[in-house]
Amino acid sequence: MSALLRRHPLLPVGLAFGAFLLFAPVFAERGTENDLWNMSFFVVLAAAWNLLGGFAGQVSLGYSAFVGIGAYTTVLLAKAGWSPWLTLPVGAALAAAFSVVVGLPTFRLRGPYFTIATIGVGEAVRVIASGLDFTGGSSGLRMPPGTFDFTANYYGMVGLALVTLVLVAWLQQHAFGLALEAIRQDIDGAEALGVNSTQVKLQAHAISSALVAVAGGLFATNFQYISPGSVFDFRLSLTIVLMPIVGGMGTLTGPVLGAMLFSYLQIKLLASPALRDSYLFIYGGLLIVVMLFEPRGIVGLLDRLRARLPRRRTQAVAEAHGAG
Amino acid sequence: MQKFVVVALNSLLAAGLYATMSYGLAVIYGVMRIINLAHAGLMMLAAYATWALNDRFALDPFLSMLVVAPAFFLLGMALYATLIRWLPRSQAGPSIQSLLLLFGVWLVLQNLAYAIWGGDTQSILTPYTMESVQLFGGRFGVPQILVFGVSILSLVGLNLVLRRTFLGKAIRAVTQNRDAAMLSGVNAGQIAAVAFGIGTAFAAMAGSMLSTLYAFTPDFGRSFLLKAFCIIVLGGMESFTGVAVGALVLAFIENFASAYTSIPVSYQDAISFTLLVVVLVAAPGGLPGLWRKLDRRVVAR
């Protein structure tokens with residue numbers, strides 16, 4: 001336990017916050033709950049993206065496709081009479097399958113080439129989804145009546161966020177996480193040490209896209225209406241990438257901090273028309289500032305601040321004990 | 001047969017524009033090993049600048065390039081001096097960091113256009129926009145022909161600069177081997193700034209020309225960025241001839257696919273994405289790499 005605490009000093013804070021989220025419906029107002037729902041949604045997207053983009057360093061700009069697959073699967077199956085909850089695993093499976101189809105060719109590319117290819121894949125998916133008949137085209141689809149239950153959906157989203165974080169933390173501790181880290185640092189070195197890099201990347205892609213698809217399904221149930229404009233929205237796919245980057249790529253806490261920042265930004269953006277018109281300035285400016293000054297994001301910034309502060313005695317002693 | 005000739009001519013006309021559009025990306029990649037994602041935003045901004053000049057001063061879009069291109073050359077130098085210069089230099093390939101930085105620049109440019117001109121679709125109408133010429137039984141739009149002419153002129157001019165001047169030779173030297181160029185007394189930082197300016201100016205020329213052919217919004221340019229990237233990958237990333245060949249190949253495939261198959265027009269953009277992924281996966285060295293591989297195989301026999 002103490003080893004775990006030393007690795008993740010923010011763990012108690014996180015657990016306390018998780019408990020707060022779970023009990024929020026007892027005392028919080030509906031507006032607050034909506035904001036917390038949105039934050040949990042963002043945590044799932046950011047933490048899941050981070051598994052491939054942060055840990056393995058494979059920056060993908062095409063993740064809104066998986067939100068879309070999850071959302072469309074839920075609506076289409078619910079229209080066929082399924083319970084929305086039962087549609088979630090189906091959406092996850094479809095998204096994972098699609099992630100393999102996309103990953104098999106594109107994972108042969110490295111670094112920025114992979115990133116550019118994912119822009120192409122995202123564009124292609126959006127064009128095709130607006131052209132297909134059963135997706136309702138650009139006018140979108142509505143959930144059947146009687147599927148709306150905010151409290152259940154709230155618990156679903158918060159639970160999914162916690163499961164995602166625990167899963168990512170667990171994977172990070174094991175050989176799988178080390179393999180991802182090795183791929184990020186030096187893919188040839190990783191291969192030489194016996195890591196099947198394509199397979200590991202495909203697995204990470206499948207896990208993260210399945211999580212994102214489940215979030216997409218819950219999104220569809222909560223908003224009751226989806227269209228290519230809402231689930232394949234440029235701002236959404238931008239947010240998915242920016243949250244972990246601004247928070248701190250390849251860390252556990254980074255995506256959570258990023259998700260908090262961006263859900264706060266979203267509330268502010270929705271509240272003020274002037275800000276809403278300049279969200280690209282804010283997003284682009286954040287990206288530029290982070291890339292120029294601290295590519296490790298908020299987490300890197302905090303690390304730097306902590307290194308400046310005089311170290312507390314107790315901590316130094318504890319570390320000396322740990323080392324000795 | 002007649003149809004074939006007409007489609008081939010159309011492809012050729014498109015290829016000129018494609019080459020201009022891609023060369024800006026290629027020169028920046030060559031000198032700095034950076035993929036300029038802001039290229040699309042720069043093309044969009046130049047399209048708006050051309051439109052604004054046409055709207056205010058009734059300046060012909062093709063003449064306005066004489067103003068827009070130099071202005072964007074300076075803008076590119078400024079971007080280099082304020083942002084790009086501070087990026088850590090990556091040894092092998094382009095870094096994710098530079099890619100994301102320029103992605104941020106693209107977003108800022110988009111918002112700039114939204115803030116100044118709003119989100120409405122704009123287009124430029126000139127007296128010759130609807131004119132066309134009969135040739136080999138096909139109709140060719142006058143703007144398309146003008147765009148082709150200007151593209152060829154600009155590419156020939158650039159080629160002369162690259163081959164005949166010290167600056168051009170220095171750019172090619174840094175592209176081929178940065179360290180060796182520096183050892184021979186080339187100031188690589190200065191060359192990079194100039195190359196970023198040239199790349200931006202070519203994006204601007206492409207944007208001005210695109211504005212005579214297409215309607216545009218601040219979101220304009222994404223599919224053209226992907227096309228340009230596809231072309232420079234086809235062309236082997238850094239050679240001048242490679243870009244021209246890549247542009248021809250993409251233009252011919254696109255035009256022949258839409259003329260001889262039943263792919264709907266809305267999916268036409270998907271051709272370049274698909275080709276991009278196929279080429280990146282099957283022939284990472286582009287056509288030159290493929291050629292060398294085949295050549296070696298023939299020689300081995």
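Tutor: In chain B, helix H2(B) passes helix H8(B) in a right-handed crossing, where right-handed means that the near helix is turned clockwise from the far one by less than a right angle, and left-handed anticlockwise. This is a predicted model, in which local features need pLDDT of at least 70, side-chain atom pairs count only at pLDDT 80 or more, and totals for chains, interfaces and linings use all residues. Residues are numbered from 1 along each chain as its sequence is written, while chains are lettered from A and ligands numbered from 1 in the order in which they are written.

H2(B) covers residues 39–57 and H8(B) residues 188–213; helices here are DSSP runs (H or I, at least four residues), numbered from the N terminus. Their axes come within 7 Å and cross at roughly 55 degrees, with axes being lines fitted to C-alpha atoms over the stretch in contact and angles running from 0 to 180 degrees between N-to-C directions. H2(B) is therefore oblique to H8(B), since angles under 35 degrees count as roughly parallel, over 145 as roughly antiparallel, 65 to 115 as roughly perpendicular and the rest as oblique.

On the H2(B) side, the residues that meet H8(B) include His39(B), Leu42(B), Ala46(B) and Trp51(B). Their partners in H8(B) include Thr200(B), Ala203(B), Gly207(B) and Leu210(B). Contact means C-beta atoms, placed from the backbone, within 7 Å. By class, this contact has eleven nonpolar, six polar and no charged residues (Ala, Val, Leu, Ile, Met, Phe, Trp, Tyr, Cys and Pro count as nonpolar, Asp, Glu, Lys and Arg as charged, and the others, Gly among them, as polar).

Elsewhere in chain B, H11(B) has 15 residues, 268–282. Chain B also touches chain A, with 32 residues of chain B in contact with 31 of chain A. The largest share of that side of chain B, 14 residues, comes from H4(B).

Terms used
Helix = DSSP H or I, 4+ residues; strand = E, 2+ residues; numbered from the N terminus. Expected span 1.5 Å × (residues − 1). Contact = placed C-beta atoms within 7 Å.
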